[in-house]
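Subject: Structure handover

Hello,

Here is the structure for your files. My notes on it follow below.

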Amino acid sequence: MTDNAPATTTLAAVKPAESWMNRFFKTQGSVLLIFFSVTLGIFVLFIVIGRRVYLNMFKPK
């Protein structure tokens, strides 16, 4: 009396077909990430420049 378990097979993962809409949304996500990164960088630059100008207003000349 041996307890041999039958070998179980796993199915291969089903990959959805690549459609133009999938590519569009993937590209749109990348474009938005780049846009917001650039915008955040510009805002940080404005804050640094504005802080420098503001502090220089109170320095004696």
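Where is Thr9 found relative to helix H1? Thr9 sits in the segment that comes before helix H1, which runs over 20-57. Please keep in mind that this is a predicted model.

Overall fold. The secondary structure of the chain amounts to 1 helix and 0 strands. The chain has a radius of gyration of 29 Å, whereas the globule rule gives 10 Å for 61 residues; the value is well over that, so the chain is more spread out than a compact globule. Of the 61 residues in the chain, buried ones make up 0%. The chain has an accessible surface of about 6600 Å², and carbon and sulfur atoms account for 71% of that surface. Ile34, Val38, Ile42, Phe43 and Phe46 together make a nonpolar surface patch of about 520 Å².

Two residues. Is Thr9 buried or exposed? Thr9 has a relative accessibility of 73%, and because exposed means over 50%, Thr9 counts as exposed. Phe46, one of the residues in the nonpolar patch, lies in helix H1. Its relative accessible area is 54%, so Phe46 is exposed by that cut-off as well.

How far apart are the C-alpha atoms of Thr9 and Phe46? The separation is 60 Å, for two residues that are 37 residues apart along the chain.

Regards

Notes:
Residues numbered from 1 in each chain as written. Predicted model: local features only at pLDDT ≥ 70, side-chain atom pairs only at ≥ 80, totals over all residues. Heavy atoms only, no water. Helix = DSSP H or I, 4+ residues; strand = E, 2+ residues; numbered from the N terminus. Rg over C-alpha atoms; globule rule 2.2 N^0.38 Å. Buried < 20%, exposed > 50% of the residue type's maximum accessible area, 1.4 Å probe, protein only. Areas by Shrake-Rupley, 256 points an atom, 1.4 Å probe, with all protein chains shown as cover. Patch = residues over 30% accessible without salt bridge, like charges linked within 9 Å, V, L, I, M, F, W, Y side chains within 5 Å. Salt bridge = Lys/Arg side-chain N within 4 Å of Asp/Glu carboxyl O.
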